[in-house]
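Hi everyone, thanks for making the time this morning.

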Amino acid sequence: MGQLFRYVWVIAVLIVSVGGRLQAYAEAPEKTGLYLSFEQRLLTSYVLLAHGTSPEERELIHQRAKKYILEVLKQPVQTVKVKNFAEFLEHFRGEWPNTHKLSLDMELIEKNPARPLTVYEASSPRVQRQIERYKSWQSEQLSTMVAELSEKTPVSSMMAEVGAEKLPAELSPLVIRDLEHIFSQKMGEMLFKSMDALAESARKVSQSGLKDQKDQMVKIFLESLLTMYFNGLGDSSKKLMVSSFLGSNLLASEMQKFELMVQNAGISFQKFLQIMGRQQDVRPELREVFQVLEDAIRKVPWIQVRELIEKERHNYNFTYFEREPLGVGSAAQVHRAKLLLEGQSYDVVVRFLKPGVEERALEDERILRDVARTLDKNPDFRKAGAPLLEPLLPDVFRLVRREFDIKQTEADQALGAKVYNQTLWIEVDGYKHQLQVHVPKLYSQKKSNLMVQEMVIGKKLDKEAAIYKDIMPSLKKEIVEHMTRLWLREVLFGEEGFYHADLHPGNFMLQVSDAMIYLYLLDYGMVGQISKEYQKKVLVLGVGLQALDADLIARAYWQISRVEENTISYERFVQAVEQRVQQLQSEGNYKLNLEKWSVWVMDQGVRLSSEFIDLNRGMVIADKLLADSKSSKNIFHILNELAQDHPLTIYQRVVQEEKVPLKTVLQAGLRAYQKKKASQARLCEHVL
């Protein structure tokens, strides 16, 4: 990363050397971190913005920078009094818009009056010495980084325009370099190479964080994804990442750089990492970065939020709107507010799509296709049991794009309320509790880009469970098992066949009280729905896999495939399934795993339908949720329990309507029962 900052001193044309010698040793400045001043970041950002543009555009940006500097120098120097070092550093760094584009950042800065040069005065001599020491250290650090470019350059023409004699004596010498030199193509290229260093950070972090990863398929996938993704970004996205780094600690660790990059990535990439963050053998420090993506990503700044709200005044009468977001996701952001509706005040949460998210999604699609093509040709990846990725991507992208349709999300949430609003009885550590599952009520208007819903009170599942860990240690596990059961029951036996497709802990809001446990199920950007006919096909597949019946497995997978796109005949597919079943039986160590079966089936040339791929993804995420809660059950354990609760439905749909032999269904039930008893026996042995 040092390549970028070898040129910062030359670029930072407004570094000010204020009089006063270092008198006493203050707190070590390196502990604070190396930060650019607002002026240094501004001029660096102008150069960054100009890179890769046409000569005409570069000259225009050059003139914009010159105009801003002249406005700064024409103003009287301001004295800012600070109480402590933190106040100094906050003002020194300044307030940056931090929108989704560097170009928009610069436009917003230019709309406001130019910030004058500043002298800092602290009421405490100790704080004053600390400020002086920090500025001296910062200057030395930047000077060292650009030692090879420290030759003197001509005083620029703009100095003559301002008149050097007009500069206050206490600011002499003021180092101002030639803007023509700064805006040269070579300088921009040098600055832009910093992205290569960021990509190298991603590679190092992935290698370190995944070295204990036992699943080779996951390891190869993540290493390739993390390395190729950042190299494949377009200029605009790269500029955004470099700009974000310019506003952070320049001496950040590799992991801190990586976290910053991940938070500035596109939605599809972030969704992949959210799923990977639930892998148990990913190193904790890397998993923590991935899990941050569940509710804390790059936020939309207030200046843009305010503009969005102003445009919605004809739809909503907000009497209060909180500036800081309540939550920030990959695609959307939410804020607390008060809504006046028909004379009644309601506490609400307002959700809106983040500006630029669709554009970034298209960029992600391009990069992920390149990653998929590379991995599909990787023999080690294929040997590890991975499916061909490129055919799967259209369904993944379709699911992500669905989240951009606010009105569809509202309809999905309304259906989610119909399905999930229930009261359940659960037993937690020997005591029975009522669990009230609730989906927030909507207040949205038809012609609006905002999604307005009731505000619910609670904490994220992990945080609330941690509070009660001493008196209710199994709270999270019981909540997750009951919700997975409710989820799966609605998928396979419900009237709607509806399901939340992203059951991760960040989408559960929990509130424990004496009378009731309240669970709020959030975020309906990614959902699915299957018909009764499709429910039957999935049940048939479940019976076939449980009974290890080759004919039934082949038949079920074929029925839920896009038959016209399959590259294998049905006869050959049946033979392949028979051979696989024989192999599993001979090994005597068969573990039911829908994900691995589906990967194998697609590898044979069977193109599974979009409905099944979406459902399979939802089941995999639900399975990860169970594992994360330390449950001894997986998705198939719960499916077997549901089958025992619905024997007549199973008989009617599977035996009578799908003509599956009753003997096969009974074999599946017997195998499930035997596995359950064996699992209980192992648990008893472990306890004893």
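A word on ground rules. This is a predicted model, so local features need pLDDT of at least 70 and side-chain atom pairs count only at pLDDT 80 or more, while totals for chains, interfaces and linings use all residues. Residues are numbered from 1 along each chain as its sequence is written, and side-chain values use heavy atoms, with hydrogens and water left out.

Now the overall build. The protein has 31 helices and 14 strands; these are DSSP runs numbered from the N terminus, helices being H or I with at least four residues and strands E with at least two. Of the 688 residues, 54% count as buried, where buried is under 20% relative accessible area, exposed is over 50%, and partly exposed is in between (1.4 Å probe, protein chains only). Among contacts with a separation of 6 or more, 74% are between residues 24 or more positions apart; contact means heavy atoms within 4.5 Å.

Ile 553 is found in helix 25, residues 550-559, and has a relative accessible area of 0%. What does Ile 553 touch, leaving aside its neighbours within four places in sequence? The contacts are Leu 541, Gly 544, Leu 545, Leu 548, Val 577, Val 581 and Trp 597. Take Trp 597 from that list: Ile 553 and Trp 597 are 44 residues apart in sequence and 9.7 Å apart in space, C-alpha to C-alpha.

On to the empty spaces. Rolling a probe the size of a water molecule over the atoms shows where empty space is left. Points are joined across faces, edges and corners, and a volume is the space filled by probe spheres set on them.

The second largest pocket has a volume of about 1200 Å³. It is lined by 45 residues, and the closest to its centre are Gly 94, Glu 95, Trp 96, Pro 97 and Asn 98. Elements giving two or more residues to this lining include helix 3 (38-50), helix 13 (235-246) and helix 17 (302-310). Which helix gives the largest share of the lining of the second largest pocket? That is helix 14, with 5 residues. By class, the pocket lining has 21 nonpolar, 12 polar and 12 charged residues. Nonpolar covers Ala, Val, Leu, Ile, Met, Phe, Trp, Tyr, Cys and Pro, charged covers Asp, Glu, Lys and Arg, and the others, Gly among them, are polar.

As for cavities, there are 6 of 30 Å³ or more. The largest cavity holds about 250 Å³ of space. Of its 22 lining residues, His 100, Ala 265, Arg 298, Lys 354 and Pro 355 are the closest to its centre. Helix 15 (267-276) and helix 18 are the elements that give two or more residues to this lining. Its lining divides into 8 nonpolar, 10 polar and 4 charged residues.

Last stop, the charged pairs. The structure holds 33 salt bridges, each being a side-chain nitrogen of Lys or Arg within 4 Å of a carboxyl oxygen of Asp or Glu.

Lys 101 pairs with Glu 359, their closest N and O atoms being 3.6 Å apart. The two are 258 residues apart, with Lys 101 in the loop between helix 5 (85-93) and helix 6 (102-111) and Glu 359 in helix 18, residues 357-376. Lys 101 is partly exposed at 26% relative accessibility, and Glu 359 is partly exposed at 46%.

Next, Asp 603 and Arg 382 form a salt bridge at 2.5 Å, N to O. Asp 603 lies in helix 27 (residues 594-603) and Arg 382 in helix 19 (residues 379-383), so this pair ties together parts 221 residues apart in sequence.

Finally, Arg 398 bridges to Asp 614 at 2.9 Å between the closest N and O atoms. Arg 398 is in helix 20 (residues 393-402) and Asp 614 in helix 28 (residues 610-628), 216 residues apart. Buried or partly exposed: how do Arg 398 and Asp 614 count? Arg 398 is partly exposed at 32%, whereas Asp 614 is buried at 9%.

Definitions and conventions:
On a 1 Å grid over the protein atoms alone, a cavity is a set of points where a 1.4 Å probe fits but cannot get out, and a pocket is an open set with protein on both sides within 12 Å along at least five of seven lines; lining residues have an atom within 4 Å of a point.
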